[in-house]
Amino acid sequence: MKLRRMRAFVRKEMLEIARDPITIGVALLMPMVMLFLFGYALTFDVENAPLVIVDHDKSVASRALSHQFLNSGYFRLDSAPESEAVAEHAVMTGKVRAFLYIPRDFGRRLASGRSAPVEFVVDGTYASTAAVVSAYGRAILYAFPSGRLDMPIQPEVRVWYNPQLRSRDFIVPGLFAVILMAFPPLLTALAVAREKELGTIMQIYASPLTKVEFIIGKLLPYGLIAFVEMAVVFAAAFLWFDIPMHGSMLLLILLGVVYVLCTVAVGLLVSIIVRTQLAAMLVALIMTLMPSFLFSGLIYPVATMPPFFQAYSAKIPTMYFVNISRGIVMRGAGLDELWYEVVVLIAYTLIVLAAGILLFRKRIG
Amino acid sequence: MPAKAGPRGCACPSSRDVAPEPIVETSALGRSFHGRPVLQDISLTLREGELLGIVGPDGAGKTTLLQMIAAILRPSTGECRVFGSDVVREAAQIQAQVGYMSQGFSLYDKLSVAENLAFAADIRDVPEESFEERKAELLAMAGLGRFENRQEGDLSGGMRKKLALCTILIHETRLLILDEPSLGVDPLSRRELWNILDRARAQGKSVIFATSYMDEADASDQVLLLREGRPLAMGTPAELRRRAQGKVYQLAAGTGFSERALEASDDVISFQKVAVREYRVQTLTAQSPVIVNADVSPTDPTMEDVFTVESTSNIDQGEGVSAVRPALTDDISVKSVGVTRRFGKFVAVDAVDMAIRKGEIIGLLGPNGAGKTTLIRILCGLLPPSEGHATLAGFDVARQSHEVRSRIGYVSQRFSLFTDMTPMENLRFFARAYGVPRSQMEERITSAARRAGLDALSERLVGSLSSALRQRLALACAIVHRPLVLFLDEPTSGVDPLSRFRFWRLISALAAEGVSIIVSTHYLEEATYCDRLGLMMDGRLIAMGTLEELRSRLGLEDARVEDVFLGFIARERALEKKS
């Protein structure tokens, strides 16, 4: 390995990138688009869910319960019809998310200390929304002050690390991992495939440049771009979305560098296997973006998946950085806790690079 | 690198003993792709300082051969040694030492001239002390000194090729491998390119180059003629010409001469009309052909003649097509009056008047961007004119484009065939697309295939056919619906001389049946096959007439087509300056 040859190669890559404003634009813009899109849209919080209330009791107690629902901020009154049939119809047609039925003698039963059943019907079409809505409803019902139900256990649940359960605080650190797995490899995969398509790779083949020099020469410049992408995404997250940071920024950046080298190496491996830019793009998307969404713990925790998919998730580096990023940002975790993830990422990078060097042929076909 | 002992060793003393170690030596070298051989049985030896030309049409296997010698493609059969090293086992050593210039543009277009050179020098371990000096020397030689800071992509094609040559000359290589270095390069740059190469050769470098221009081979020490992956012949240019000696004749036509006499002779392989009453004839045997009403005398063969004569030994002769054309009538099939087409402010076609008779062959000549393609598109009804009007078979091309399109056939430069279908499937598709009735389908396809010179339709996919076969299939697809007018856009680029000759016989036969033919071409010698020529420049039709008319208008009686063409362009430029 000769330093001069590698330096020349890195310099050539940097010049090419610097003179291609479209590539730079795409490299910086796409991660931001994705961050904003998902930062705003991918939320499980429910606010102002439309609700129908059928109050047959019309007592002070029943009115108080209705107010509890409507003043919580989670529900807004859609209508208050007289008949249950109308309310049920509203749920069935998807006009409202939930329906609260208060029977005739609700107030009297409460006053006399007997159990006072109410009915709370939730539209389960969207399972995750339904779970949130029913949890909110239950919480309000349990906390209903007057004449509380006789409960043997009085749970006092406290949520740590994200007390308001704001999904954005949880999604955005996870998105770091997905975004940096989606775009840097894509750009890298295109870079080598483009040389193959245009035929410029021929002069690389017919030269003393070695495989290792070629691969490291591609890895470094694209790693640098990935680092800039990472910096931009972090800046947007902490300055624009105001995601609270509970850990060390330095540690996050340091481990981020390890991660982007890993994702760029994955892109490099893709480009070594394929021959055209089109194939590079498709394979890169299938290998990186698609599994990253589902099998990284971004949305669904890996721990609750069936064992097969847990094993599958463990093969994708995204999961490890989701853990690292959420750990540092949300819990203030340090290396003592995250060492396993870091070791796996480093090993992953080395294995992928070795595979790239092994599979790269300095010849056609 | 120390020279290794040759594979033959020194045990057998012979006169060859003093000859230098071969730079390249191949024996029975071959390569297959997906089980299909694209190159077979190549045995050659290149000695220090020699120039070897690999000559053949597109798809002959030239690139494959060069890539194997550069050790970037593994041979399927045979052996190849470069500088005494094996191309498979010692590939890295060879890759580091050769100067390989691939086809097309292989440099980084975003990098400047100087940056490309510096990159090439750095990855090839050129000592930094000598780099600046060598760079200055090469740039001066290539005439690129002034453009040192210009991006490669902004250079002209010729300059890009010269720069590519400089990037492989920057290191002290002993072997240059050049894949069609002069493809798409203007004549002046081509000469400069060869001057650079001559200097490199004067320093003792060996060169292997591929070309489809037969005349470039004449300067080589050795020439290998390739056709469809097989060696046709190998030797010095003089040796090769000697092989064709006595098989090439000049024919002066007397009164009453007809081309039919040439076609009727079994001994005649092909012939070209050189001047009004003059032909060049290639024959099968070294016996002077007897042609009535003509004076036949032997002449010196060119490399193109050699190729044609040698080709007959390994290809099917195919059935000759008779093309005796009746005298042209005054039946007009295409007429354009003041046709103009603007794209914004740019005038692509400027007030073109022309009338084309039934069964006439019109050649459109002109530099790139002269407006040939735009004019053809207007006449096909694909693009409405901005001004003026044109009719085809009586239909207005702008308002009745549907009627027009069902009466024309079009063969484009790149033969728009489906490469992953068989010839029959292609023909059926085009027949259906043009609305050939189902009941007539088989009959029309058979007749189109016959008229296009396809005797038996191959069962192979079109992608694996030779370019000559693909060209004829494209022609068959274009005539399956019996068009009245046939447009051919550079139909013969990259096709070998004999196939080109046969293609033109087919075109003549179609014209004899009354089909009008409009063809644009870069091979100026093909102009002699046309009835009339239209010369285009900057969107205008600057001259139109038979070759004789055009010649006499310039007062150049025996001029070659190229000179006539350049003469009119020069005259036009002079007129522009005056006004």
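Colleague: How many residues of chain B are in contact with chain A?
Modeller: 23 residues of chain B are in contact with 22 residues of chain A. Contact means that the C-beta atoms of two residues, placed from the backbone, lie within 7 Å.

Colleague: Which helices of chain B supply residues to that side?
Modeller: α2 (91-97) and α3 (113-123) of chain B each give at least two residues to the side that touches chain A. α3(B) gives the most, with four residues. Helices are DSSP runs of H or I with at least four residues, strands are runs of E with at least two, and numbering starts at the N terminus.

Colleague: How many nonpolar, polar and charged residues are on that side of chain B?
Modeller: 12 are nonpolar, five polar and six charged. Ala, Val, Leu, Ile, Met, Phe, Trp, Tyr, Cys and Pro count as nonpolar; Asp, Glu, Lys and Arg count as charged; the others, Gly among them, count as polar.

Colleague: What am I looking at, and how is it numbered?
Modeller: This is a predicted model: local features need pLDDT of at least 70, side-chain atom pairs count only at pLDDT 80 or more, and totals for chains, interfaces and linings use all residues. Residues are numbered from 1 along each chain as its sequence is written, while chains are lettered from A and ligands numbered from 1 in the order in which they are written.

Colleague: New topic. What domains does chain B have?
Modeller: The assignment gives domain 1 (22-238), domain 2 (246-299), domain 3 (332-407 + 484-578) and domain 4 (418-482). Those bounds come from an automatic or database domain assignment. Taken over C-alpha atoms, the centres of domain 2 and domain 4 of chain B are separated by 33 Å.

Colleague: Where is Val411(B)?
Modeller: Val411(B) is in strand β20 (residues 408-411) of chain B.

Colleague: Is Val411(B) buried or exposed?
Modeller: Val411(B) counts as buried because it has 25 C-beta neighbours inside 10 Å. Buried means 20 or more other C-beta atoms within 10 Å of the residue's own, exposed means 12 or fewer, and partly exposed is in between; C-beta atoms are placed from the backbone.

Colleague: What is Val411(B) in contact with?
Modeller: Leaving aside neighbours within four places in sequence, its contacts include Ala474(B), Leu475(B) and Pro491(B).

Colleague: What about Glu180(B): where does it lie?
Modeller: Glu180(B) lies in the loop between β7 (175-179) and α6 (187-202) of chain B. Its phi is positive, about 45°, although Glu180(B) is not a glycine.
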